[in-house]
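Reader: I would like to learn how to read a folded protein step by step, beginning with a sheet and ending with charged pairs and the surface. Could we go through one example together?

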Amino acid sequence: MAKIINKKLETSLETKFLGFKLKSPIINASGCFGFGLSHVNYFDPNILGAITLKGLTLEQRKGNKGTRIADTYSGILNSVGLENPGIENFRKNYLNEITEKISTPIIANVNGKTIEDYEKLTQIFNEINEIDMLEINISCPNVKDGGMAFGTNHKILEKIVKSLKNISNKPLIFKLTPNVTDIGEIAYIAKESGADAISLINTVLGMAIDINTKKPILGNIFGGLSGPAIKPIALRAVYQVRQRVDIPIIGMGGITDTKDALEFFMAGANIVSVGTRLLTNPKFPIELTKGLKNYCEKNNLRNISEIVNIAQI
Amino acid sequence: MFLENCKILGNKKIRNNFYLLELKCSKDIIENAMCGQYIMISTRRKDMILKRPFSIFDIDKEKGSVIFYYEAKGKGTTSIAKAKIGEMLRIQGPLGNGFEIFESINKIVIVAGGVGIAPFKYLLKKYSAKEFIFIIGGRNSEALEIIKYFKLEKIKTIICSDDGSIGFKGNTVERLAGVLKDYNPDIILACGPNIMLKNVCKLASKNNIKTLVSLEEKMACGTNACMGCSIETINGMKKVCYDGPVFKGEDVIWQK
């Protein structure tokens, strides 16, 4: 009689992404993790596959005046307005501490008002070896010019992707806004123009009014909605983008537990990014890492990548 | 810095919408919490994802509990006000920098407006050896019912209310002006509405007196991650959740 040996399948969360071997397909979303050291009292940032820095601009920015956060059902509205030290100040005063303490790959999030801004920043980052990849933010709804405007106009998008691809010595991820008619088309244009990867979604434009003051709550009037409320929109967008492109996708938008992350992989995301959840459960990456490992073990998967795209019809 | 589920030992309505919440907390929190710090508390509502920041009112080291004084104003705090003894609340903290008063500082004037009185109970306990003048203001006598929970026998207390139903009729800044006519404190501590803090600082600066103010801003993360609560200071943008909530009044660039 043959002996049946129960062999436990070795599972791994290791994920190949743009030439890097990430230890996990979990990263953080820009703007919810400072410069990578905000949560050291809750978890080791190096458990993440990569970290995404708070958005940087050429010049120092104070950010928006007035209230920047509004609480709303199953989400938050933010209008921070890209407060940041500016690239030179960042380089002089923040980069050292980050590179001392962060060993996992680092993604810088790049913002500008004009194409020239993005080009200049990309040039400067060429000289900063400690940054591994750039996430080009053409989707921020909280700044007056640039940002989202770039991600909604097809001609400008093509121009900016081609130009930055021509300049950069690092892989480029383009972050898309959901505030468009056809996000699949936008992703397709970005990919055709040379984007190495697509990350989506940025926040959904929204607002809230204080009925006592009878005025908008946010100082900037409008803000970006994030959190559980946007998950169905984000998931739909990832699914649509996957239908149009075969380059890697970073999926984000309302991921609150392991099940949510699984949905994003199945829709087509290779990497999942966690933002708002870091604000409401600062230990979430630990739980998510465990959750994904457990899922792989229970379902006999060697790697989580086996479920990527699986829900595509 | 700690994330825990804490049992409600008490959630007593003081008057109108003012409550005293008592939570059983771990040794970690009890031993590490400083006066002026705050703790973020979940609203119990599944549809409200942000915790709310609550000033630490008092700590009972024997019982192992932290007490908060709060006003049930919006959806979140109103939900917390409905919580019953025995229920568990998820909390995060202690957070922020607290009030640190050096040995050389001995004559202190406190200006507390409305629910801004909250951080001073624990502070008065901790610095009981120092000399205080305690100016307390509020809308009316009901809003100031909390004064009964303070041990003020050895402290010079000046009470005022908007409608004159308790103490002087008028506001705390007017009372402060009166005090400063013949009293020269080492420092003024203040907590309350922004307009009050701004005016306290103006007055203090005219008299060359240092101030420490406890600010409030809408917060999301509480951990210096999101920049939702930034304020402008002479040293650049600072976070109320992490660099504060206590700031030197002289450093704050007040918004209109």
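Reader: How many residues of strand 9 of chain B are buried?

Author: Some conventions come first: this is a predicted model, in which local features need pLDDT of at least 70 and side-chain atom pairs count only at pLDDT 80 or more, while totals for chains, interfaces and linings use all residues. Residues are numbered from 1 along each chain as its sequence is written, chains are lettered from A and ligands numbered from 1 in the order in which they are written, and side-chain values use heavy atoms, with hydrogens and water left out.

Author: Buried means under 20% relative accessible area, exposed means over 50%, and partly exposed is in between, with a 1.4 Å probe and protein chains only. Strands (E, at least two residues) and helices (H or I, at least four) are DSSP runs, numbered from the N terminus. In strand 9 of chain B, seven of the eight residues are buried, and the strand is mostly covered.

Reader: In what order do the strands of the open sheet in chain B lie?

Author: Two strands are said to pair if DSSP finds at least two bridges between them. Seven strands of chain B form the open sheet, in the order 11-10-9-8-12-13-16, and the pairing is mixed. Its edge strands are strand 11 (168-169) and strand 16 (246-248) of chain B, each of which pairs on one side only.

Author: Both senses of pairing can be found here: strand 8 and strand 9 of chain B are parallel over seven bridges, whereas strand 13 (residues 210-214) and strand 16 of chain B are antiparallel over three bridges.

Reader: Which strands does helix 5 of chain B lie across?

Author: Contact here means heavy atoms within 4.5 Å, and angles, from 0 to 180 degrees, are taken between the N-to-C directions of lines fitted to C-alpha atoms, for helices over the stretch in contact. Helix 5 (residues 194-206) of chain B lies across strand 8, strand 12 and strand 13 of chain B, and runs at about 170° to strand 12 of chain B.

Reader: With which residue does Glu83(A) form a salt bridge?

Author: A salt bridge is a side-chain nitrogen of Lys or Arg within 4 Å of a carboxyl oxygen of Asp or Glu, and the count over all chains is 22. Glu83(A) forms one with Lys239(B), with 2.8 Å between the closest N and O atoms. Glu83(A) lies in a loop of chain A and Lys239(B) in strand 15 of chain B, so this pair joins two chains. Both Glu83(A) and Lys239(B) are buried.

Reader: Where do Glu185(A) and Arg244(A) lie?

Author: These two form a salt bridge, their closest N and O atoms being 3.0 Å apart. Glu185(A) lies in helix 6 and Arg244(A) in helix 7 of chain A, so the pair ties together parts that are 59 residues apart in sequence. Glu185(A) is partly exposed at 23% relative accessibility, and Arg244(A) is partly exposed at 33%.

Author: In chain B, Arg15(B), Glu142(B), Glu145(B) and Lys148(B) are linked in a network of salt bridges.

Reader: Which residues make the nonpolar surface patch?

Author: Patches are made of residues with over 30% relative accessible area and no salt bridge, like charges being joined within 9 Å and nonpolar side chains (Val, Leu, Ile, Met, Phe, Trp, Tyr) within 5 Å; accessible areas come from the Shrake-Rupley method with a 1.4 Å probe, and for residues only the protein chains shown count as cover. Leu205(A), Met207(A), Ile209(A), Ile221(A) and Phe222(A) make a nonpolar patch of about 450 Å². Met207(A), in the loop between strand 11 and strand 12 of chain A, is partly exposed at 38% relative accessible area.
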